[in-house]
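Take a look at the structure below. Keep it in view as you read.

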Amino acid sequence: MTGYTATVTVRLKEGVLDPEAETTRRALERLGFELEGFRSAERFEIDLEAQDETAAQQRAEEMTERLLANPTIHDYDIDVDQR
Amino acid sequence: MSVAVIQFGGSNCDRDTVQALASIGVSAELVWHEDGLPADVDGVVLPGGFSYGDFLRAGAMAAQSPIMDEVRERAREGIPVLGICNGAQIGCEASLTPGAFTTNESARFQCEHVYLRVENAETPWTRQYDEGEVIELPIAHGEGRFEIGDERLEALEADDRILFRYCDAEGNVTPEANPNGSKHAVAGVTGDRDHIAVMMPHPERMSLPDIGGTDGRGVLEAFV
């Protein structure tokens, strides 16, 4: 078994309104910053032991599908690195 | 009928719901989620509140509670299941109903009265009303914006699965009358079958004359 860290990034699907990001964007503009767009995402880091990288990826995917992301509104990607 | 009102850590409309049901002659009991569904239950309410502190997403944690497997099984057998507010978020997260309820367009918690237009008066939840009737109920949520893919929403509309839409006092569905930015102003939907439903507004908070009105009573009559 090898130790891996799976980094899961969950973001809203394109076209789904993100009111908190919109509020934050306006705050940045009030501070005088110029920006073209602003999106937010959630990042989860999962430490796990697995047979190989594929197995680690698969388990992180199961966790994401089951709980961390809601497929109705979210897309996600997962990066697996050996610890 | 005996209705189970399921309590999760952080539910806070559970007792109100039991009282509202009692006021229309429905016997209801509080059921702690870890205790499982009693065998003799023939109706379920997932009440409002802030289960698990709304961590991750409102309703996400409670939706994974083992009692939800029992709720899904009993729902398949045909008992009525209603999710209100946080219960609606739980219902969608548990795939009892389609779509998701997410952050209000205002990015704020909103506690106010809204008008709802009855879209389909042929469900157990709406048969006390007329199609197009306008009722007034309170909302109290930060994550009540109904979100779903365009194609799925069209399918829901074609199948008459929208229970209520936010509207003005005259029944007009306008952007101004939509309190949270819900897609197509959807306030409540049914599951695959119409005895399963969720809604963000609180019918139990409008079920007695003493608390301001009885417009919500018709929804709860599904359990009579």
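This is a predicted model: local features need pLDDT of at least 70, side-chain atom pairs count only at pLDDT 80 or more; totals for chains, interfaces and linings use all residues.

Residues are numbered from 1 along each chain as its sequence is written, chains are lettered from A and ligands numbered from 1 in the order in which they are written, and side-chain values use heavy atoms, with hydrogens and water left out.

Start where the chains meet. Here 15 residues of chain A are in contact with 17 residues of chain B (contact means heavy atoms within 4.5 Å). By class, that side of chain A has 8 nonpolar, 4 polar and 3 charged residues. Ala, Val, Leu, Ile, Met, Phe, Trp, Tyr, Cys and Pro count as nonpolar, Asp, Glu, Lys and Arg as charged, and the others, Gly among them, as polar.

What is the count of salt bridges between chain A and chain B? It is 0. A salt bridge is a side-chain nitrogen of Lys or Arg within 4 Å of a carboxyl oxygen of Asp or Glu.

Now find the largest pocket. A pocket is an open set of points on a 1 Å grid over the protein atoms alone, where a 1.4 Å probe fits, with protein on both sides within 12 Å along at least five of seven lines; lining residues have an atom within 4 Å of a point. The largest pocket is lined by 28 residues. A:Glu20, A:Glu42, A:His74, B:Thr102 and B:Thr103 lie nearest its centre. The lining divides into 12 nonpolar, 6 polar and 10 charged residues.

The second largest pocket is lined by 16 residues. Its lining has 6 nonpolar, 2 polar and 8 charged residues.
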